[in-house]
Amino acid sequence: CFVQVDVIGPAGVFPNTANVDGLETYANGTTHNIGTVVSSTATLTYTSSLSAAKSFNPAAVSTGGLSTVTVRLSNSSAVALTDVAVTDPLPAGMVLAPTPRAYTTCAGSTSVSAVAGVSSVSLTGANIAGFGNCDFVFDVVAAGASNWVNSIPAGNITANGGIRNVTPVAATLINQAPTNLTVAK
């Protein structure tokens, strides 16, 4: 005898324990309670169908330099993801550019929140087709004397149904020392 059920859930690892009780009926009509026969545990592991990758262009700037951030959102499932939201907290020394040029290529009733000089940017209302991807793009400026590591924490990218990113999504903008101005004649 097999019992099979379909389950859904957010990404993660879940132990599942099944206890089996039984009632035995003999040919003469009498019954006997078997009680708990077996306790069995299996671990269910759900991987998130929602993932992301981040990049900077250019990948290196001098302090005060401008770079374009691209967050590529991907759906590894055949089922469309709806109401995808992203909140990207920028690291110390990095803020949205004076003209953030923030936009998305994602479908849906999207809304982008990107205010010049602020250290956070967000996207809401995006839809990603099955096995599809789309981009969330914005400009930043950075100041300081070392590299800037921009990381979207686990759980800061979500979709309907409890779907979320389970690992941080990070990229590094390299601090490149300025070069001296030269003139050749």
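F138 has 0% relative accessibility, so this residue counts as buried; the cut-off for buried is under 20%. The model is a predicted one. F136 also has 0% relative accessibility, so F136 counts as buried as well.

These two residues meet. By the rule used here, the count comes to 1 aromatic pair. F136 and F138 form that pair, and the arrangement is tilted. Their ring centres lie 5.2 Å apart, with 55° between the planes. Why tilted? A pair is called stacked under 30 degrees and edge-to-face over 60, so 55° falls under the remaining label.

Now step back to the core. The largest nonpolar core has 29 residues. L73, V84, F138 and V140 have the most contacts inside this core. Strand β11 gives the most to the core, with 5 residues. This strand covers residues 133-142.

Turn to a sheet. Strands of a sheet pair through backbone hydrogen bonds, either parallel or antiparallel. Here 5 strands form an open sheet, and the pairing is antiparallel. Their order is β9-β10-β6-β13-β14. Which strands stand at the edges? They are β9 (107-113) and β14 (163-164). Each has a single partner strand, so one side of each is left without a neighbour in the sheet.

Follow β14 to its partner. Strand β13, residues 157-159, pairs with β14 in the antiparallel sense over 2 bridges. A159 has I163, in β14, as its bridge partner.

How values were computed
Residues are numbered from 1 along each chain as its sequence is written. This is a predicted model: local features need pLDDT of at least 70, side-chain atom pairs count only at pLDDT 80 or more; totals for chains, interfaces and linings use all residues. Side-chain values use heavy atoms; hydrogens and water are left out. A nonpolar core is a set of buried Ala, Val, Leu, Ile, Met, Phe, Trp, Tyr and Cys residues joined through side-chain atoms within 4.5 Å. Buried means under 20% relative accessible area, exposed over 50%, partly exposed in between (1.4 Å probe, protein chains only). Helices (H or I, at least four residues) and strands (E, at least two) are DSSP runs, numbered from the N terminus. Two strands pair if DSSP finds at least two bridges between them. Rings of Phe, Tyr and Trp (its six-membered ring) pair if their centres lie within 6.5 Å; planes under 30 degrees apart count as stacked, over 60 as edge-to-face and the rest as tilted.
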